[in-house]
Amino acid sequence: MAGTSVFAELVDEDATVFKFYSDGEWKRSSSGKFVSIINPTTRKTQYKVQACTQEEVNKIIESAKTAQKSWAKTPLWKRAELLHKAAAILKEHRAPIAECLVKEIAKPAKDAVTEVVRSGDLVSYCAEEGVRILGEGKFLVSDSFPGNERTRYCLTSKIPLGVVLAIPPFNYPVNLAVSKIAPALIAGNSLVLKPPTQGAVAALHMVHCFHLAGFPKGLIGCVTGKGSEIGDFLTMHPGVNCISFTGGDTGIAISKKAGMVPLQMELGGKDACIILEDADLDLAAANIVKGGFSYSGQRCTAVKVVLIMESVADTLVEKVKAKIEKLTVGPPEDDCDITPVVTESSANFIEGLVMDAKQKGATFCQEYKREGNLIWPLLLDNVQPDMRIAWEEPFGPGFTCYQNKLY
Ligand SMILES: NC(=O)C1=CN([C@@H]2O[C@H](COP(=O)(O)OP(=O)(O)OC[C@H]3O[C@@H](n4cnc5c(N)ncnc54)[C@H](OP(=O)(O)O)[C@@H]3O)[C@@H](O)[C@H]2O)C=CC1
Ligand SMILES: O=C(O)[C@H](O)COP(=O)(O)O
């Protein structure tokens, strides 16, 4: 269970509020304020995390700055060894972390376990690749450019940036956090994590696995609080040397405010699947449904638009409809295919796109159905360019649009 056994020190005495991680210790915020994490299925408060203050953010960044100096001098093999250890601990404790993913973001139970295991594998992969890539350098000579003799030599090697700020989104709070943490650490940087509010408790458990692995004090910090409240303070902080962000339009705002630090931005999208006349339609239908509806469409890689050649469109739509009928809809604990979307505001946003499409004449292949945050899978045919859903990212169960006339 979350916050028990090796994770007991993450929670306060009454086991409801999770602490933040600073200078190698789990702490309560002096703010005395908390952020509630609402279970998308029950729509009740599941956990609470600390609403950290600006002073606490300053302290975490200061510790990260100090710790990074000696970490940069730590041999590569030693950095890799610690990462492999963290990966093993993460995988060993997959059950309680997966439970958090089920409760915080309604990820289907099996997929939640997969996310944690995959995260462990990614940490090990980064450790291995890091040893190879960072161990390499380049030797350049000067006579490659006209007019120059071979009288000068240049050696290049990769050096760390310093303090990396990592901000992942809710849909993979563990996997998209370690995909920032592991590369940053193996390269000799320190790391400050601001997890998404929905998914913060899973992320805190993951951070504890790095703590248990024995990383130096202060090298990793984890600050909790609403992005809208502490986000600007973090992203504009002079102690931050690099920002790695994954999420939606928030990334555009961060890019404008962040100033002269390297930015890594993985933002939203509108992924298209193109079906040609000679396609294997059974295979295409299976992949469209998998791509469009896994984790209820809340993946940046989800299939969101399908462009089909007119001659095969009707046959393919029928095949996709038949597969949609077989999807199970319900709570993540039952490992249903379609589970509640992450927040009520996400569900409202999705509903807004659907109603706009309805008003403008899209064909509904199923009846639209919603209960709380749970939205039944829906396929819209004959979507036209003036409909919002043709362009905006629903981040919800399917809404794969068939634009028969676009080919
Ligand atoms: N390209 C890619 O690889 C991927 C892209 N995505 C995209 O992510 C989006 C869904 O994720 P979602 O979590 O809703 O995205 P958001 O952009 O809403 O949030 C992402 C992160 O930013 C934080 N945040 C919010 N406001 C600020 C701020 N002012 N400054 C700094 N940080 C802030 C959030 O914290 P808090 O939760 O506290 O608000 C969260 O941790 C979709 O658009 C999807 O396409 C998702 C996965 C992969
Ligand atoms: O960014 C995302 O949404 C995830 O990285 C998607 O990963 P997947 O396509 O492997 O599920």
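1. Which element gives the most residues to the shell around ligand 1? That element is α7, with 5 residues, where helices (H or I, at least four residues) and strands (E, at least two) are DSSP runs numbered from the N terminus.

2. This is a predicted model, in which local features need pLDDT of at least 70 and side-chain atom pairs count only at pLDDT 80 or more, while totals for chains, interfaces and linings use all residues. Residues are numbered from 1 along each chain as its sequence is written, chains are lettered from A and ligands numbered from 1 in the order in which they are written, and side-chain values use heavy atoms, with hydrogens and water left out.

3. The mean pLDDT of the chain (the predictor's confidence in each residue, from 0 to 100) is 94, and 98% of its residues reach 70 or more; the model scores ipTM 0.94 and pTM 0.95.

4. Ligand 1 is surrounded by 29 residues (a heavy atom within 4 Å), the closest being Thr 197, Gly 248, Thr 250, Leu 267 and Glu 393. The shell divides into 12 nonpolar, 12 polar and 5 charged residues, with Ala, Val, Leu, Ile, Met, Phe, Trp, Tyr, Cys and Pro counted as nonpolar, Asp, Glu, Lys and Arg as charged, and the others, Gly among them, as polar.

5. Oxygen atoms of ligand 1 lie 2.8 Å from a polar backbone atom of Gly 248, 2.9 Å from a polar side-chain atom of Lys 194 and 3.1 Å from a polar backbone atom of Phe 170.

Conventions. Polar contact = N/O pair within 3.5 Å; in protein donor to acceptor, adjacent residues only side chain to side chain.
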